[in-house]
Amino acid sequence: MAFEGLTEKLNATFKKLRGKGRLSENDVREAMREVRLALLEADVGYKVVKEFVASVTERAVGSDVLDSLTPAQQVIKIVNEELTKLMGGGTAKIAMANSGPTVVMMVGLQGAGKTTTTAKLAGLMRRQLGKRPLLAACDVYRPAAIEQLKVVGGQLDLPVFEQGQGDPVQIAENAIRHARDHGNDMVFLDTAGRLHVDEALMDELKRMKAAVRPNEILLVVDAMTGQDAVNAASAFDEALGIDGVVLTKLDGDARGGAALSIRASTGKPIKFVGTGEKLDMIEPFHPDRMASRILGMGDMLSFIEKAQQTYDEKQAAKLEEKLRKNRLTLQDYYEQLQQLRNMGDLSQIAGMMPGALGRQMAGATIDDKALAHTEAIILSMTPLERENPQILNASRKKRIAAGCGLEVVDVNRLLKQFDMMQQITKQMTRGRLSKMGGGGMG
Ligand code: GDP
């Protein structure tokens, strides 16, 4: 699959960042140097990379990121957002005609996958939108091209309009008329391809555009060709004007640069991607999902967002203050557990927790039942006990255990856990505390 190399390198970079806990501006800049190299190696255009890294860096070295509880996660989130933006932000659709059939002109260089994609896209429109598309064979120079369109159309049970050799512009016009007469609400024009962008090809396409006034001109480019695909997009857009791009062969081992460069280089969105040879292997292009895929983190990103919403910074600051004064109480512990619970799947959360706490917790298995016990025990304590765990003598422990239907050993286990948690949290906040001038914590 495309992007493998890029994903691997970005992950290595982010792993280093996450391992650090606190981040300095230098850490971020170092990471961005690695991101820059990774993107260049993925065949993303130099200028695109330069601008991308500049905007991520500008956002990431701000104090609201570096001083947050989860700086590495914030940096990753920024990279994700900027990647999404780079690829166009939202999902682009085909502009449909208000009346009469929607005419889509499919253009591209030979071998890019134009004929296959024409059929795939028509099939997708029928599947997703209930359209009744007609395919039109307007590549009259290669008899094999007409035959090929008939074959793929036949496989999808889509009607194909063809007139053999002839004037492609007239064939296009006839096809549209045919569609109107036969209740087809979309017409896909499979136009001629060449090995290179040349004037004769562009002239013909321009003539066709002027004659049929398509609702949409889609350029099909092959992801495997990297920067050549980007150059083709620029050339077609300048000569003909395109509305969007279909990027094929994303299932191959393309380095992915085209997906990341096309929008920034041409201003035109990628609207669909081809993901395999089979005729149903085409998908609308979602920049946000693609960014997550490139970062190799699918659901993780939505999780980071959730964690940020749940992990209240103000409350965290209060906690730090208490820690600094060695005043962490069982009440705080209880609230921490509640916060964790609110985040959902605990085992998933563990690895996402900032710094030392996360690393400690990632190794441990957290079990919901044990958590429920812990909460029950704390709830059985008086507020005074929660604030002053040191007063818990044998008789108090016995009363608490009875109150929540557990044993004294369970109470003791909790107190031990609490002690451990204090140690870990101290470690976790040590860096931040010394910055605040409250160093000297063990
Ligand atoms: P055209 O010359 O631009 O019309 O290209 P074709 O439609 O003939 O496609 C060229 C080759 O690319 C064919 O073998 C297709 O099966 C293949 N192809 C097209 N799209 C994809 C894709 O998304 N993934 C893969 N793996 N192959 C594709």
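This is a predicted model: local features need pLDDT of at least 70, side-chain atom pairs count only at pLDDT 80 or more; totals for chains, interfaces and linings use all residues.
**Entry 1: confidence**

The chain comes out at an average pLDDT of 84, and 82% of the residues reach at least 70. For the model scores I wrote down an ipTM of 0.98 and a pTM of 0.71.

**Entry 2: H2 against H3**

Next I went to helix H2, residues 25-41, and helix H3, residues 46-60. Their axes come within 10 Å and cross at roughly 155°. Angles over 145 degrees count as roughly antiparallel, so that is what I call H2 and H3. H2 passes H3 in a right-handed crossing.

Who makes the contact? From H2 I listed Val-28, Arg-29, Met-32, Val-35, Arg-36, Leu-39 and Leu-40. From H3 I listed Tyr-46, Val-49, Phe-52, Val-53, Val-56, Thr-57 and Ala-60. Sorted by class, the residues of this contact are 11 nonpolar, 1 polar and 2 charged.

**Entry 3: H3 against H5**

I followed H3 on to its packing with H5, where the angle is about 145° and the axes are 10 Å apart. The H3 and H5 crossing is right-handed. On the H3 side I found Phe-52, Ser-55, Val-56, Arg-59 and Ala-60, and they meet Val-75, Ile-78, Val-79, Glu-82 and Leu-86 in H5. This contact of H3 with H5 splits into 7 nonpolar, 1 polar and 2 charged residues.

I also went back to my H2 list: Phe-52, Val-56 and Ala-60 of H3 take part in the contact with H2, and these three residues turn up in the contact with H5 too.

**Entry 4: H5 against H12**

Staying with H5, which covers residues 71-86, I checked how it packs on helix H12, residues 287-294. I noted an angle of about 135° and axes 8 Å apart. H5 and H12 are therefore oblique to each other. H5 passes H12 in a right-handed crossing.

H5 brings Asn-80, Leu-83 and Thr-84 to this contact, while H12 brings Pro-287, Asp-288, Ala-291, Ser-292 and Ile-294. By class I get 4 nonpolar, 3 polar and 1 charged.

**Entry 5: the ligand shell**

Last, I turned to the ligand. How many residues surround it? I get 20, and the closest are Gly-113, Lys-114, Thr-115, Thr-116 and Gly-274. Which helix gives the largest share of the shell? Helix H6, residues 114-129, does, with 4 residues. By class, the shell around the ligand holds 2 nonpolar, 14 polar and 4 charged residues.

Terms used. Residues are numbered from 1 along each chain as its sequence is written. Axes are lines fitted to C-alpha atoms, for helices over the stretch in contact, and angles run from 0 to 180 degrees between N-to-C directions. Helices (H or I, at least four residues) and strands (E, at least two) are DSSP runs, numbered from the N terminus. Angles under 35 degrees count as roughly parallel, over 145 as roughly antiparallel, 65 to 115 as roughly perpendicular and the rest as oblique. A crossing is left-handed if the near helix is turned anticlockwise from the far one by less than a right angle, and right-handed if clockwise. Two residues are in contact if their C-beta atoms, placed from the backbone, lie within 7 Å. Ala, Val, Leu, Ile, Met, Phe, Trp, Tyr, Cys and Pro count as nonpolar, Asp, Glu, Lys and Arg as charged, and the others, Gly among them, as polar. pLDDT is the predictor's confidence in each residue, from 0 to 100. A residue is near a molecule or strand if its C-beta atom, placed from the backbone, lies within 6 Å of it.
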